[in-house]
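Here is a short briefing on one protein model. Look at the sequence and the 3D view first, then read on.

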Amino acid sequence: MSGTPTAEVYRIDWLPGTDVLHGVCHCGAERTSEDPVELWQWMLAHPSGHHPADLVEDDPNGHRKEPRS
């Protein structure tokens with residue numbers, strides 16, 4: 001392995017009891033989707049499509065969702 005190691009952490013969690021996945025980019029932006037490929041493409045395209053996430057008050061799990069453009 002060459003180059004400088006990176007501290008970028010990407011995370012995709014499954015929301016139990018649903019078919020929904022919750023992705024968190026290393027920058028803190030969050031998005032939910034039923035398609036894991038869509039989440040990975042979104043995260044790896046950073047910073048394209050990444051905006052500050054706002055707390056969605058009507059989300060019963062309290063997850064922040066990124067506005068879709």
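Trp 42 sits in helix 1, which spans residues 36–44. Helices (H or I, at least four residues) and strands (E, at least two) are DSSP runs, numbered from the N terminus. This is a predicted model: local features need pLDDT of at least 70, side-chain atom pairs count only at pLDDT 80 or more, and totals for chains, interfaces and linings use all residues. Residues are numbered from 1 along each chain as its sequence is written, and side-chain values use heavy atoms, with hydrogens and water left out.

**The tryptophan**
- Trp 42 is buried, and its relative accessible area is 5%. Buried means under 20% relative accessible area, exposed means over 50%, and partly exposed lies in between (1.4 Å probe, protein chains only).
- Trp 42 and Glu 30 are 12 residues apart along the chain. Their C-alpha atoms are separated by 10.0 Å.

**The overall layout**
- The protein has 1 helix and 5 strands.
- Starting at the N terminus, the order of elements is β-β-β-α-β-β.
- The protein has 69 residues, and 28% of them are buried.
- Take the contacts between residues at least 6 apart in sequence: 23% of these join residues at least 24 apart. A contact means heavy atoms within 4.5 Å.
- The protein exposes about 5,000 Å², with 53% of that supplied by carbon and sulfur atoms. Accessible areas come from the Shrake-Rupley method with a 1.4 Å probe; for residues, only the protein chains shown count as cover.

- Strand 1 covers residues 11–14 and strand 2 covers residues 21–24. The two run antiparallel and are joined by 4 bridges. Two strands pair if DSSP finds at least two bridges between them.
- Ile 12 has Gly 23, in strand 2, as its bridge partner.
- Strand 1 and strand 2 form a hairpin, with 6 residues between them. Gly 17 lies in the turn and has a positive phi of about 85°.
- In a regular strand, side chains alternate between the two faces of the sheet.

**The cysteines**
- How many disulfides does the structure hold? The number is 0. A disulfide is a covalent bond between the sulfur atoms of two cysteines. Here the cut-off is a pair of cysteine sulfur atoms within 2.5 Å.
- Cys 27 is partly exposed, at 41% relative accessibility.
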